[in-house]
Amino acid sequence: MDNIEAMTLQELRSAVSGGRVLEITTTTGCVVGCSYCSQDRFADRQRARSDVKHLSLQDFKRCLAHVPPAVDISFSGYSQPWLNPACTEMVEHAYAGGHGNRIFTTLAGMNRQDLRRLRALQFRVFLVQVVDDGTYMDNGLVRRNYVDLMRELVDADISSLLFIVTGEVHPELVDILPDEALVRLRPPRRRGGSGELEMVEARQPLVGTLTCPDERQYRNVLLPNGDVTFCCMDFERRHVLGNLLRDKYKDLFEGATFRNIADRMNGTDGFLLCRSCEFAEPITSES
């Protein structure tokens with residue numbers, strides 16, 4: 001593939017989207033420390049509602065039994081999937097059940113045995129977020145074992161393998177990554193007049209009718225306690241559709257929460273996270 005120098009996060013997500021997807025948040029809390037991630041907000045809100053930190057393999061299997069094989073399973077969610085030591089077995093279980101698998105990871109928590117087992121599977125996409133030079137991420141993750149694992153991954157026969165980086169690649173990884181498989185994202189922050197990094201201002205809330213071009217209403221997120229949030233942007237659990245430990249997958253889209261979301265996307269009054277989402281688009285009368 002061609003190297004993409006200035007791809008936005010939205011363009012990348014659109015490139016790997018399609019179909020119904022259930023994202024798996026295997027654990028509450030993350031050690032990577034990306035400056036542009038809302039992980040702390042998710043962790044605080046989730047801990048206030050459940051003391052379940054790790055999604056157990058048993059509960060994952062119970063939840064997946066309620067999900068049709070046509071729904072892809074994406075190991076990503078609101079934290080690094082391999083910070084849960086059962087993650088590889090979850091991936092294998094989803095694959096054996098006929099689900100398409102997607103991987104989004106920094107490799108944090110993954111080891112060489114995990115990688116050897118993953119090499120036996122097929123993936124819709126295997127996307128690795130590369131540690132940068134420390135500008136946006138904690139580059140302390142890049143130790144000898146990590147570098148060796150990255151080198152082994154690059155040499156693995158995974159046709160769907162793709163790497164992304166925000167900013168500059170960590171110096172220890174520059175000579176390892178294949179340039180043709182590296183996507184460079186625009187930094188999510190800008191420097192103000194003080195020279196300090198600051199968040200890009202949030203968009204003004206949309207009014208009226210809107211749509212999600214990526215159809216994220218069908219790309220939902222399973223949490224460690226079985227709750228399912230509306231989409232990957234719902235870090236604060238503002239729209240919880242149900243709980244797959246008790247509900248069937250189809251029930252998520254027939255309940256009051258999802259119906260309210262659909263009504264509000266069509267212009268009905270009431271809180272809607274999508275109105276402040278960078279991916280939402282207004283529908284005008286000319287549309």
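**Thr-106.** I began with its contacts, meaning heavy atoms within 4.5 Å. Leaving out residues up to four places away in sequence, Thr-106 touches Val-32, Gln-80, Gln-129, Met-137, Leu-141 and Tyr-146. Thr-106 sits in the loop between S4 and H5. For the labels, helices (H or I, at least four residues) and strands (E, at least two) are DSSP runs, numbered from the N terminus. Is Thr-106 buried or exposed? I use buried for under 20% relative accessible area, exposed for over 50%, and partly exposed in between (1.4 Å probe, protein chains only). Thr-106 is buried, at a relative accessible area of 0%. A polar atom of its side chain is 3.2 Å from the backbone nitrogen of Ala-108. That falls under polar contacts: a pair of N or O atoms within 3.5 Å, where within protein one must be able to donate a hydrogen and the other to accept it, and residues adjacent in sequence count only if both atoms are side-chain atoms.

**Ground rules.** I am working on a predicted model, where local features need pLDDT of at least 70, side-chain atom pairs count only at pLDDT 80 or more, and totals for chains, interfaces and linings use all residues. Residues are numbered from 1 along each chain as its sequence is written, and side-chain values use heavy atoms, with hydrogens and water left out.

**Confidence.** pLDDT is the predictor's confidence in each residue, from 0 to 100. The protein averages 85, and 85% of the residues score at least 70. Residues 1–8 stay under 50, and the model has 24 contacts for them beyond four places in sequence. Residues 189–200 are also below 50, with 18 contacts beyond near neighbours in sequence.

**Overall.** I noted seven helices and 14 strands. Of the 287 residues, 49% are buried. Taking contacts between residues at least 6 apart in sequence, 69% join residues at least 24 apart.

**Asn-111.** This is another residue in the loop between S4 and H5. Asn-111 is partly exposed, at 37% relative accessibility. A polar atom of its side chain lies 3.0 Å from the backbone nitrogen of Gln-113. I also checked Asn-111 against Leu-149: they are 38 residues apart in sequence, but 7.0 Å apart in space, C-alpha to C-alpha.

**Helix H6.** Leu-149 is one of the buried residues of H6, along with Tyr-146, Val-147, Met-150, Glu-152 and Leu-153. The helix runs over residues 144–155, 12 residues in all, and reaches 17 Å from first C-alpha to last, close to the 16 Å expected. That expected span is 1.5 Å times one less than the number of residues. The cover over the buried residues of H6 includes H5, strand S5 (125–129) and strand S6 (161–166).

**Helix H4.** Which residues of H4 (residues 87–96) are buried? I get Cys-87, Thr-88, Met-90, Val-91 and Ala-94. They cover an arc of only 160° around the axis, so they are on the same side of H4. The arc is taken from the directions from the helix axis to the C-beta atoms. The buried residues of H4 pack against helix H3 (57–64), strand S3 (72–75), strand S4 (101–105) and helix H5 (112–118). Just after H4, Gly-98 has a positive phi of about 90°.

**Tyr-95.** Tyr-95 also belongs to H4, but counts as partly exposed at 33% relative accessibility. Beyond its neighbours within four places in sequence, Tyr-95 contacts Asn-101, Leu-121 and Gln-122. Tyr-95 and Phe-123 are 28 residues apart in sequence and 8.9 Å apart in space, C-alpha to C-alpha.

**Helix H7.** In H7 (residues 256–265), the buried residues are Phe-258, Ile-261 and Met-265. Seen down the axis, they fall within an arc of 60°, so they line one face of the helix. An α-helix has 3.6 residues a turn, so residues three or four places apart point the same way. The buried residues of H7 pack against strand S10 (210–211) and strand S13 (240–243). Gly-267 follows H7 and has a positive phi, near 110°.

**Cysteines.** How many disulfides are there? With a disulfide taken as a pair of cysteine sulfur atoms within 2.5 Å, I count zero. I looked at Cys-232: its closest cysteine sulfur is in Cys-231, 5.1 Å away, which is too far for a bond. Cys-232 is buried, with a relative accessible area of 10%. Cys-87 is buried too, at 0%.
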